[in-house]
Structure formats: structure tokens, C-alpha cells
Amino acid sequence: MSSQIDHLLNETRHFAPSREFVAQAVAGADLYDRAKVDREGFWAEQARELLHWHKPFTEVLDWSNPPFAQWFADGELNVSYNCLDRHVEAGNGDRVALLWEGEPGDDRRVTYAELTDEVKRLANVLEGLGIGHGDRVAIYMPMIPEAVAAMLAVARVGAIHSVVFGGFSADSLRARIDDAGARLVITADGGWRKGKVSPLKPAVDQALADRGSGPQESVEHVIVVKRGENEVAWVEGRDLWWHDVVPAASADHTAQPFPAENPLFILYTSGTTGKPKGILHTSGGYLTQATFTNRVVHDIHPETDVYWCTADIGWITGHSYVTYGPLANGATQVLYEGTPETPHPGRWWEVIEKYGVSVFYTAPTAIRSFMKLGRQIPQSFDLSSVRVLGSVGEPINPEAWVWYRDVIGEDRAPIVDTWWQTETGAIMISALPGVTVTKPGAAQVAVPGISVDVVDEAGEHVGTGNGGLLVITEPWPSMLRGIWGDPERFVETYWEKFADKGFYFAGDGARLDEDGDVWLMGRVDDVMNVSGHRLSTAEIESSLVAHEATAEAAVVGASDETTGQAVVAFVILKESFLKAHTPDGLAAQLRSWVGEQIGPIARPRDIYIVSELPKTRSGKIMRRLLRDVAEGREVGDTTTLADTAVMSVISAQVK
Ligand code: 6R9
């Protein structure tokens with residue numbers, strides 16, 4: 001961390017917006033002034049201007065019971081209506097909503113009228129199955145138009161979706177279905193990934209097996225889209241083909257209004273303990289901030305832009321900046337099913353050229369892996385349509401930032417580095433592309449209407465030029481409303497640390513530069529960030545110790561040139577297993593075990609078989625020391641260890 005800070009301190013390049021960009025930008029500096037004068041009034045204005053309210057709200061923020069906020073509470077709206085019907089009613093039904101590109105190269109254009117029609121039919125199917133207000137629906141799908149339609153249909157009937165990333169295992173899916181008590185699962189037979197069909201329905205079947213032993217009994221039906229054409233097992237009476245039920249349903253469906261605080265979705269994310277947290281978001285405030293930020297940060301002109309956010313809908317970025325923000329804005333966007341390198345390493349740039357993408361939003365890990373392959377690959381495609389570039393998911397190092405701007409943005413497109421979280425629901429810290437003079441590597445400033453600070457352990461502002469903890473000092477419209485089924489954990493995790501100040505603690509370290517701009521420094525807790533995905537050390541450790549060969553395990557996030565951080569595990573094996581197997585063989589077994597239990601992204605890059613772990617006298621594993629080993633550094637201060645000799649034993653074993 002300290003070498004990173006020193007490095008960032010030397011970063012002094014600046015990029016001012018061009019005169020041409022400023023002239024056409026959606027947002028100007030006046031937004032900051034308006035928000036500063038009357039923060040709540042500012043958000044009320046955005047909510048009224050950007051959304052359709054079936055019943056207008058009179059109250060903006062109710063913060064009488066912190067940290068449980070209510071925004072626009074007496075207003076009523078329908079989220080799906082805002083993303084679909086109103087655009088059709090305004091005469092924009094023929095505008096393309098989704099430019100879908102399948103990994104094998106098949107494609108589909110879906111207009112707003114067509115997407116509305118599909119969502120209305122599916123909404124009728126859902127209601128026919130008894131799914132309505134407050135019911136939970138799990139969505140486990142590839143990146144196909146039906147996935148977006150599924151989210152919007154669930155929202156339309158006032159139910160709550162829980163999208164589970166298609167790369168997660170059957171076990172992870174089962175845990176999420178159980179925790180939310182989902183009544184319905186929407187999935188596909190499979191989707192295309194890395195040149196072949198990756199099955200999904202079998203994982204759903206597995207997750208729903210052993211019925212009777214757990215709340216997954218709650219699932220009554222499974223709707224299956226045919227995409228992969230792979231063979232699937234079928235449970236009569238439970239399973240329904242999308243192509244049988246959706247086209248047969250009526251395309252008439254009137255969107256009913258729901259209160260602004262009606263729950264919209266649960267999205268599970270890793271915390272510092274083993275059990276993923278179901279982050280709960282509601283409707284009016286969430287949609288307001290997702291729509292506003294997509295518009296001003298990405299500078300969306302719905303009539304002319306072709307927008308592409310590469311995130312999967314299984315992550316928050318896919319919720320706010322694939323489904324809700326862009327569709328509420330009436331934008332045209334690319335939806336791409338597959339992986340960036342399939343069938344060739346220029347696949348993304350080919351997609352940009354094919355559709356004339358003008359606004360592109362992706363993660364630093366992807367940028368760094370393209371950097372490694374060399375600039376000649378993107379430069380062999382026509383990227384002249386690109387005019388705004390966004391980054392999200394982890395700190396972007398200045399080298400990657402400058403490469404992104406030079407090569408993909410052809411030294412013309414501004415970059416917005418956007419900091420936010422599953423919990424914040426929408427972008428919180430980012431440049432505005434027509435306003436901010438950008439600095440490579442810094443997210444820089446809170447968006448208008450948002451208040452953040454960098455404070456010390458006591459909650460005091462650290463002042464310019466200093467580092468500390470990032471906090472959010474005022475409630476915001478798209479803030480999480482809680483953790484599903486666990487209000488105490490919500491208070492404890494985010495609000496207890498600075499309870500006397502009423503600050504939200506984000507879990508990130510940050511620094512303020514001489515201008516007062518924010519530079520993010522990474523997590524300060526046991527949460528890792530691998531390729532922009534959050535993983536908890538505890539979750540992987542508990543998976544490792546669940547294997548019969550493992551006695552003890554410790555996991556750290558070690559810095560990695562491509563993925564930001566990589567999972568590195570230190571494992572103590574049971575004697576009996578060491579006798580019968582080679583350490584290399586067991587390490588390989590454990591890697592695939594974690595992949596099966598949690599998902600391939602959680603698979604450790606390295607597993608070191610060791611005989612001891614560094615522990616404090618109170619038995620806490622000192623991951624900091626293991627991180628030193630994993631990153632090949634000299635091991636730091638070991639004085640608080642119960643046995644100070646242990647680190648030299650471990651270092652020797654790792655070599
Ligand atoms: C949107 C998303 C949240 C964590 C967050 C932070 C890291 C995200 C970042 C960033 C530095 C950025 N993070 N964006 N760090 N600069 N622009 O990624 O949500 O998956 O919940 O992760 O990601 O550490 O706390 P989520």
C-alpha cells in the first residue's frame with residue numbers, strides 16, 4: 001500500500017475537457033452549486049425531472065430513524081414503466097433499447113416497443129404463477145435480452161429480484177435462494193462463454209435438489225430460456241420453457257404504481273465474514289440516482305449515443321448501468337454475452353466498431369489485460385465513435401488510465417473513474433466529463449448532491465494531503481435500505497464505526513490531495529477485490545476448510561498486475577492426507593474445490609501448503625504478514641505474534 005501511495009503522489013498529469021465536449025455536455029458546473037444550496041431540493045428536482053410518478057411525492061427525505069432512510073416516501077411509481085412504457089408512449093418505441101451481440105456472433109436488435117411487449121407478457125406469466133408484491137424471484141442467466149426483461153418484469157409486478165451471477169456455483173445459488181426465500185427461479189439452459197456453452201439449468205436443478213431439507217422448498221417454478229441448446233433435465237410441473245409461456249401470454253399489462261420505498265432487489269455481496277450479505281435496494285430513490293448519474297457522468301444523449309457497459313447483470317454495475325439507469329434514460333445500449341477474448345483478443349473493439357459505441361464503461365482489470373496484449377490489437381479497429389470512457393470496480397492505476405485514454409479514447413475521450421459500491425446503489429464519486437479537469441488514478445469529487453469525506457479513526461476530517469478512511473456524511477437517494485433479514489448486521493457493518501457522527505463507513509481507504517480531490521487506496525478490511533469483484537477472505541477460507549484434507553486455511557489478497565488483487569491461500573493439511581498425496585496434487589484439488597463451491601473467480605491463484613499460520617496471542621491470523629510473503633516482500637513487524645519464529649518457517653516453505 002505505501003509503495004502505491006508514493007507512486008500516486010508523483011502523479012501530476014491533468015486533462016481538461018475540450019471546448020467541443022463542454023459545448024455539448026449534458027451537465028455543467030451549475031449542478032454542484034444547485035446541490036450545495038439545497039441538497040434535498042436538488043434530489044427532489046432530479047426525481048421529478050427524470051422519472052414519471054404515478055403519484056407525486058410531497059416529502060423528500062425522512063431521516064427520523066437513522067440509519068434507516070426513506071426517500072420520496074409518499075410518492076408512487078412503477079420502475080418498469082419508467083424504463084419502458086413511457087418511452088413508447090412518448091413516441092420512441094422504435095428506438096433500439098438493446099443491441100445484443102451473442103458470443104458466437106449472432107445478434108439481435110430489440111426496440112423499446114419490443115422490450116416493453118416482452119416484459120408485459122412475462123409480467124402476465126409471473127402473475128399467473130401467483131408472483132406479486134413482495135415475492136422474491138431469483139434470476140440466474142447469461143447476458144441475453146431475456147435477462148434484462150426478467151428483471152423488469154419482476155419489478156413491474158412489485159416483486160423483488162435477486163440476480164445471481166451465472167458464474168456462481170450451485171451451492172452459492174442455493175444459499176442465495178434460501179436466504180431470500182425465492183418462490184421462482186428464472187434461468188436459461190446455458191449461455192456462451194469462452195467458445196462453448198456453459199450450462200446453467202443443471203446448477204439450478206442441483207441447487208433445488210434435496211428439497212425438504214431447507215427453505216429452497218420455497219421455489220415453486222423454474223422458467224427456462226432456451227439459449228445454449230444444451231440437454232437439460234426437466235421436472236414436470238415445476239419447469240416451464242420461456243418460449244412456451246411468454247409468447248402465449250397477453251401483451252396487455254398495465255403497470256401498477258408502488259410506493260417509492262417498495263423493495264426492488266436484493267443483491268448479495270461479500271462482506272468481512274463468510275456469509276454473503278443480501279443488500280436491499282428500494283425503488284424511487286434508487287432509480288433517481290441511477291438515472292441521474294448515468295445521464296451526467298456518462299453524458300448520455302439518448303437520441304444519438306450508443307452506450308456499452310461491459311458489466312454482467314449479476315453485479316451491481318449491471319443493475320444500475322445496464323438495466324435501470326440507461327433504460328430509464330431511454331438510451332440505446334450494447335449487451336454482449338461473452339468474454340472479451342473470444343473468439344479473438346480484439347472482440348470488444350470489434351463490437352465497438354460494429355455498433356459505433358460512443359460511451360464505454362468497463363473495469364481496470366480488463367484494461368490492464370488489454371494493455372498486456374499490446375495497443376496494436378485495439379488500434380486495428382475503428383474506435384473513432386468513442387467519446388466518453390468510464391472505469392469502475394477498483395482503483396485504476398495511472399498507467400492503465402493513460403493507456404485507456406490514449407489507445408481506446410484516441411487521446412480525445414475524457415475518462416470518468418467512478419467510485420461506488422453495491423451498497424451505495426449508484427455512482428458516488430466521479431468526475432463529470434464536461435466539467436472536471438481529470439487526474440489519472442483519482443476518482444476525485446463527489447457527484448452533485450453527494451457528501452463524502454476522508455477522516456481519521458476518530459471521524460475527524462484529515463485535511464488536504466492526508467490519508468484516512470472514506471465516509472459518506474449525508475444520506476443519499478440510492479443508499480441501501482438494509483441487509484435482507486439482518487437489520488443488526490446493517491447497523492453494525494456500516495454505521496457503528498462512526499455512530500456519533502452519523503457517517504456511513506465504506507470500508508475503503510482514501511487520500512485527499514492538495515486540491516482536496518479523493519484518491520481511493522483500496523479496502524481496509526478483509527475484503528479482496530479480484531478483477532473488480534468483491535470476495536471475502538473469510539468466505540474462501542471457510543470453503544477451504546470444508547474440504548476433508550484441510551486442517552486450517554488463511555486467505556489474503558495479493559496485488560496482481562492484471563486482476564488488481566489475486567487470491568492467495570496458505571493451507572495446513574491434515575497429516576493423514578499429506579502421507580497419501582503430494583502437496584501439489586492436493587493444492588490442485590483445493591483450487592478446483594473452491595471453484596466448485598463458490599465459483600471460478602474465487603479459485604486461488606496460489607495455494608501454499610504450510611505447516612503453521614501466523615497468529616496473535618488472541619488467536620487472530622495476521623494476514624498482513626502473509627500478504628508480505630505472497631507479494632514477495634520482506635516480512636513486516638512480527639512482534640505481536642504468539643510465536644515469532646513462525647514467519648521464517650512459512651517463508652521457507654513458500655520458496
Ligand atoms: C461498483 C462496485 C465496491 C468496492 C469499493 C471499492 C472498490 C469500486 C472503485 C473502487 C477505487 C473505483 N471500487 N469502484 N475503488 N476506485 N472507481 O464495484 O461495487 O462490487 O460492491 O465493490 O469496489 O473498494 O468499496 P462492489
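**Helix 15 and the residues around it**

Colleague: Which residues of helix 15 are buried?

Modeller: This is a predicted model, in which local features need pLDDT of at least 70 and side-chain atom pairs count only at pLDDT 80 or more, while totals for chains, interfaces and linings use all residues. Residues are numbered from 1 along each chain as its sequence is written, and side-chain values use heavy atoms, with hydrogens and water left out. Helices (H or I, at least four residues) and strands (E, at least two) are DSSP runs numbered from the N terminus. With buried meaning under 20% relative accessible area, exposed over 50% and partly exposed in between (1.4 Å probe, protein chains only), the buried residues of helix 15 are Pro-364, Thr-365, Ala-366, Ile-367, Arg-368 and Phe-370.

Colleague: Are helix 15 and helix 17 roughly parallel or roughly perpendicular to each other?

Modeller: Their axes, which are lines fitted to C-alpha atoms over the stretch in contact, with angles running from 0 to 180 degrees between N-to-C directions, lie 10 Å apart at an angle of about 75 degrees. Angles under 35 degrees count as roughly parallel, over 145 as roughly antiparallel, 65 to 115 as roughly perpendicular and the rest as oblique. The two helices are therefore roughly perpendicular.

Colleague: Which residues of helix 17 make the contact with helix 15?

Modeller: Contact here means heavy atoms within 4.5 Å. Helix 15 contributes Ile-367, Arg-368, Phe-370 and Met-371, and the partners from helix 17 are Glu-399, Ala-400, Trp-403 and Tyr-404.

Colleague: To which backbone nitrogen does the side chain of Glu-394 reach?

Modeller: Glu-394, one of the positions that UniProt (unreviewed entry) gives for the feature "binding site", is found in the loop between strand 19 (388–392) and helix 17 (398–408). UniProt positions follow the numbering used here, feature names are shortened, and annotations may be inferred rather than shown by experiment. Glu-394 counts as buried because its relative accessible area is 10%, and the residues it touches include Pro-364, Thr-365 and Arg-368. At 3.3 Å, the side chain of Glu-394 reaches the backbone nitrogen of Thr-365.

Colleague: What is the relative accessibility of Gln-421?

Modeller: Gln-421, also among the "binding site" positions in UniProt, lies in the loop between strand 20 (415–418) and strand 21 (452–455). Leaving aside neighbours within four places in sequence, Gln-421 is in contact with Ile-316, Tyr-504, Ala-506, Asp-508, Arg-523 and Arg-534. Gln-421 counts as buried because its relative accessibility is 6%.

Notes: A polar contact is a pair of N or O atoms within 3.5 Å; within protein, one must be able to donate a hydrogen and the other to accept it, and residues adjacent in sequence count only if both atoms are side-chain atoms.
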